[in-house]
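Here is a friendly walk through a two-chain model, written to be read with the structure open beside it. Please keep the viewer at hand as you go.

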Amino acid sequence: MIADDVFRALADPTRRAIFERLTRDGELTVHALTDHSGVSQPAVSKHLGILKHANLVRDRRAGRETHYSAQPQALAPLVDWVSAYGAFWRERFDRLESILKRMDQ
Amino acid sequence: MITPDTRRSVIVEREMAHPPEKIWRALTQGALIEEWLMQNDFQPVVGHRFSFRATPAPKWNGVIDCEVLVVEPHERLAYTWGSLGFESVVTWTLTPTAGGTHVRMEQSGFGAGQDANFKGATWGWRKFVGNLERVVGGLG
């Protein structure tokens with residue numbers, strides 16, 4: 001299920017940081033993403049692979065470099081998830097009200 | 001189409017025919033909270049760390065990690081709500097009305113935990129949904 005892949009990909013703070021940087025700075029190479037990141041290039045490549053699997057990034061090969069860009073439309077399942085909390089809380093409000101009716105003053 | 005403004009936070013409001021003091025008890029006494037929300041080890045003490053425990057689901061252990069942020073008896077209660085690597089803040093506001101209490105719950109932020117350290121503070125992970133709004137807004 002693609003939503004699971006999106007959640008798993010974004011549950012990691014390093015991957016969120018990579019994704020955020022790509023949404024902010026546009027297309028970047030693995031080298032550019034690695035520089036000053038405090039994370040090794042193999043680790044960045046592995047994170048990019050997971051982001052790509054979740055369709056959150058797209059890669060483009062140019063010469064010896066691979067360029068990565070963000071695919072923010074892949075966030076849609078997450079946006080749906082956030083809004084689903086509304087339904088969750090409305091249902092809990094119903095339960096809260098029924099508890100209040102049973103409680104002593 | 002996604003409308004980011006409505007997603008930045010989740011707000012549920014309702015007028016309830018009960019006094020604030022009584023609603024406060026339902027929001028702050030562990031055994032009562034469990035009856036309408038989830039199992040918990042909540043204490044109405046600022047800084048207290050606790051968890052809500054729901055039935056585990058595939059890829060989710062059912063645990064929501066929280067910390068009490070605000071305790072203003074009968075008026076306001078806030079705690080963090082961390083799950084699946086995302087952290088938000090749940091704030092309850094009780095306002096007395098002629099017929100009872102206006103109950104407002106706002107869940108906002110939807111940021112991440114404190115452990116973002118990719119290039120340290122420069123890249124610090126900010127409010128996730130705030131970014132989401134910008135990103136999604138750019139989708140046109």
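What follows looks at the chains overall and then at one helix, its neighbours and a loop.

This is a predicted model, in which local features need pLDDT of at least 70, side-chain atom pairs count only at pLDDT 80 or more, and totals for chains, interfaces and linings use all residues. Residues are numbered from 1 along each chain as its sequence is written, while chains are lettered from A and ligands numbered from 1 in the order in which they are written.

## The two chains

Helices (H or I, at least four residues) and strands (E, at least two) are DSSP runs, numbered from the N terminus. A residue is buried if 20 or more other C-beta atoms lie within 10 Å of its own, exposed if 12 or fewer, and partly exposed in between, with C-beta atoms placed from the backbone. Two residues are in contact if their C-beta atoms, placed from the backbone, lie within 7 Å.

Among contacts with a separation of 6 or more, residues 24 or more positions apart make up 57% in chain A and 38% in chain B.

## Helix 2 of chain A

Helix 2 of chain A covers residues 13–25, and its 13 residues reach 18 Å from first C-alpha to last, close to the 18 Å expected at 1.5 Å a residue. That expected span is 1.5 Å times one less than the number of residues. The buried residues of helix 2 of chain A include Ala17(A), Ile18(A), Phe19(A) and Leu22(A), and also Arg15(A), Arg16(A) and Glu20(A). After helix 2 of chain A comes Gly26(A), with a positive phi near 80°.

How does helix 2 of chain A pack with helix 4 of chain A, and at what angle? Helix 4 of chain A spans residues 41–53, and the two pack at about 80° with their axes 10 Å apart. Therefore helix 2 of chain A is roughly perpendicular to helix 4 of chain A, a term for angles of 65 to 115 degrees; under 35 counts as roughly parallel, over 145 as roughly antiparallel and the rest as oblique. Axes are lines fitted to C-alpha atoms, for helices over the stretch in contact, and angles run from 0 to 180 degrees between N-to-C directions. Thr14(A), Arg15(A), Ile18(A) and Phe19(A) of helix 2 of chain A meet Val44(A), His47(A), Leu48(A), Ile50(A) and Leu51(A) of helix 4 of chain A.

## The sheet beside it

Helix 2 of chain A also lies across strand 1, strand 2 and strand 3 of chain A, at about 85° to strand 3 of chain A. These 3 strands form an open antiparallel sheet in the order 1-3-2. Strands pair if DSSP finds at least two bridges between them. Strand 1 (28–29) and strand 2 (57–62) of chain A are the edge strands, each pairing on one side only.

Strand 2 of chain A is joined to strand 3 (residues 65–70) of chain A by 6 bridges. Asp59(A) has Tyr68(A) as its bridge partner, and Val57(A) stands opposite Ala70(A). Their hairpin has 2 residues between the strands, and Gly63(A) there takes a positive phi near 65°.

## A loop residue

Gln73(A) sits in the loop between strand 3 and helix 5 (76–102) of chain A. Gln73(A) is exposed because 12 other C-beta atoms lie within 10 Å.
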